[in-house]
Structure formats: C-alpha cells, structure tokens
Amino acid sequence: VQKRLTGESPREEHAFWVALRDPYVLVLGLANFGYAAGHYGAQLWLPQIVQGMGFSNIATGFISALPFLAAMVAMILWGRMSDARGERIRFTALPMALSACAFMLAGFVQSDLAVMLALTLALIGIQSGFGPFYSLPSAILGGPGAAAGIALVQTIGLLGGFMGSAAVGYLREATGDYALAMAALGLGLAVSAVIVLALGRVLAGRSAHARSLP
C-alpha cells in the first residue's frame with residue numbers, strides 16, 4: 001500500500017541505494033567539498049579581510065562587492081563558452097586551478113592591492129566553474145536514483161563549505177593572519193581540480209570503450 005501511495009517501485013528504491021554507493025557520486029562529492037570550502041571561505045571572510053586593510057564599514061561593503069561583480073560577468077561568459085563547446089571537464093578544472101593559484105598568491109603577497117587582485121581572481125575562478133561543475137552530476141548520473149546521487153554531492157559540498165569557513169577562522173586565530181588559511185583553501189581547490197581532471201579521463205576511457213563495442 002505504501003509503495004502504491006508514494007508511487008515508488010522496488011526497482012526505483014533499489015536504484016536509489018545504488019546511486020548512493022556509486023563511486024562517481026563519491027568522487028564528485030569530494031571535488032565539491034574542496035570547491036565549496038573555497039567558495040564559502042572566501043565569501044564569508046572577504047569583508048573582514050578588506051576591513052582589516054583599514055577601510056570603514058561603508059567602504060568595506062563597496063570594495064567587497066567589486067570582486068563579486070567581476071566574478072558575475074566572468075561566470076556568464078565562461079558558461080556560454082562551455083555550452084558552445086559542449087565541454088564540462090576542462091571548463092570546471094581550469095577555474096578551480098585558477099582559484100587555487102590565486103588563493104595561494106593572496107596568502108603570500110604583502111600589498112593590499114595585490115591581495116585584492118588575487119582574491120578577485122580566486123572568486124572569478126570559483127564563480128566561473130559553477131555552471132560546468134554543477135552540470136556534471138546530472139550528466140554522469142542517470143536513472144531513478146540520479147536525484148539521490150545529486151543530493152549527496154550537494155550535501156558533501158555543504159559540509160565542505162562549513163569546514164572551509166571554519167578553517168579560515170581557526171587558522172586566522174592561530175597564526176594571526178590569513179596566509180595559511182588562504183593556502184589551505186587553495187590546496188583544497190587544487191585537489192578538486194585534479195579530481196575533476198581524473199574523472200574526465202575515466203569518463204573518456206569509458207566512452208571510448210563503449211564506442212568500440214560491436
């Protein structure tokens with residue numbers, strides 16, 4: 001009776017649990033962990049970083065908005081390029097790599113202007129990769145259990161976002177500056193970029209094998 005009321009068949013329930021054990025789900029979730037850590041770490045702490053440069057509250061608000069405006073434009077243009085070429089893996093990994101390098105640079109440069117430029121590049125990379133990355137789960141996962149797999153990827157990402165923002169606060173408190181925190185966010189994004197590239201190679205090999213079959 002319950003199955004008739006919910007509209008779920010035993011086959012759909014089985015597919016749901018299979019999706020949660022799918023290695024592609026776990027790999028995408030791990031990539032999303034580092035991605036979201038960088039995203040939330042930058043988004044939540046950028047105003048405090050700017051204010052620490054000596055700006056007033058009003059000036060901090062305006063200055064903090066500039067990197068997001070640049071990132072918004074880049075996100076639209078990069079997404080259109082990804083759609084035009086029908087390419088997701090490289091259009092996801094390259095922005096992640098850009099953000100990783102930019103975060104590490106922001107942690108070690110001394111000039112406030114250089115820090116802002118580096119963080120702007122980091123946010124451009126993060127925002128630009130959103131469209132291509134979040135199209136990957138629905139493109140890779142199929143069948144009745146796809147929704148469960150996508151939800152798990154998103155949940156792991158939310159955990160990464162919490163851990164990323166918390167790690168920035170902890171490392172800032174422990175070291176007295178943001179250098180190590182920025183490096184940690186950059187490392188997480190670098191790992192995510194490598195995971196996405198590795199996933200792309202696996203998927204390309206799987207597609208080549210499928211085409212070779214009679």
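Met75 is found in helix H4, residues 57–85. This is a predicted model, in which local features need pLDDT of at least 70, side-chain atom pairs count only at pLDDT 80 or more, and totals for chains, interfaces and linings use all residues. Residues are numbered from 1 along each chain as its sequence is written, and side-chain values use heavy atoms, with hydrogens and water left out. The protein has nine helices and zero strands. Helices (H or I, at least four residues) and strands (E, at least two) are DSSP runs, numbered from the N terminus.

**Overall fold**

- Along the sequence, the pattern reads α-α-α-α-α-α-α-α-α.
- Of the 214 residues in the protein, 41% are buried. Buried means under 20% relative accessible area, exposed means over 50%, and partly exposed lies in between (1.4 Å probe, protein chains only).
- Take the contacts between residues at least 6 apart in sequence: 77% of them join residues at least 24 apart. A contact means heavy atoms within 4.5 Å.
- The protein exposes about 11,800 Å², and carbon and sulfur atoms supply 68% of that area. Accessible areas come from the Shrake-Rupley method with a 1.4 Å probe; for residues, only the protein chains shown count as cover.

- Met75 in H4 is partly exposed, with a relative accessible area of 28%.
- Met75 touches Gln127, Ser128 and Phe130, leaving aside residues up to four places away in sequence.
- Met75 and Phe130 are 55 residues apart in sequence, yet 7.6 Å apart in space, C-alpha to C-alpha.
- Gly29 sits in helix H3. Gly29 counts as buried because its relative accessibility is 0%.
- Gly29 touches Val153 and Ile156, again not counting residues up to four places away in sequence.
- Gly29 and Ile150 are 121 residues apart in sequence and 8.8 Å apart in space, C-alpha to C-alpha.
- Ser165 lies in helix H8. Ser165 is buried, at a relative accessible area of 14%.
- Beyond residues up to four places away in sequence, Ser165 touches Tyr40, Gly41, Leu44 and Trp45.

**Largest pocket**

- The largest pocket has a volume of about 310 Å³.
- Its lining holds 17 residues, and the closest to the pocket centre are Ile49, Ala106, Asp112, Val115 and Tyr178.
- On a 1 Å grid over the protein atoms alone, a pocket is an open set of points where a 1.4 Å probe fits, with protein on both sides within 12 Å along at least five of seven lines; lining residues have an atom within 4 Å of a point.
- Grid points are joined across faces, edges and corners, and a volume is the space filled by probe spheres set on the points.
- Helix H5 (89–108), helix H6 (112–128) and helix H9 (179–212) each supply at least two lining residues.
- By class, this lining has 10 nonpolar, four polar and three charged residues. Ala, Val, Leu, Ile, Met, Phe, Trp, Tyr, Cys and Pro count as nonpolar, Asp, Glu, Lys and Arg as charged, and the others, Gly among them, as polar.

**Second largest pocket**

- The second largest pocket has a volume of about 210 Å³.
- This pocket is lined by 16 residues, with Phe33, Gly34, Ala37, Ala184 and Gly188 nearest its centre.
- Two or more lining residues come from each of helix H3 (23–51), helix H8 (146–175) and H9.
- H9 gives the largest share of this lining, with seven residues.
- The class count for this lining is 11 nonpolar, five polar and no charged residues.

**Salt bridges**

- The count comes to two salt bridges. A salt bridge is a side-chain nitrogen of Lys or Arg within 4 Å of a carboxyl oxygen of Asp or Glu.
- Arg88 and Asp83 meet through their side chains at 2.9 Å, N to O. Arg88 is partly exposed, with a relative accessible area of 26%, and Asp83 is exposed at 51%.
- Arg90 and Glu87 form a salt bridge at 3.8 Å, N to O. Arg90 is exposed, with a relative accessible area of 53%, whereas Glu87 is buried at 18%.
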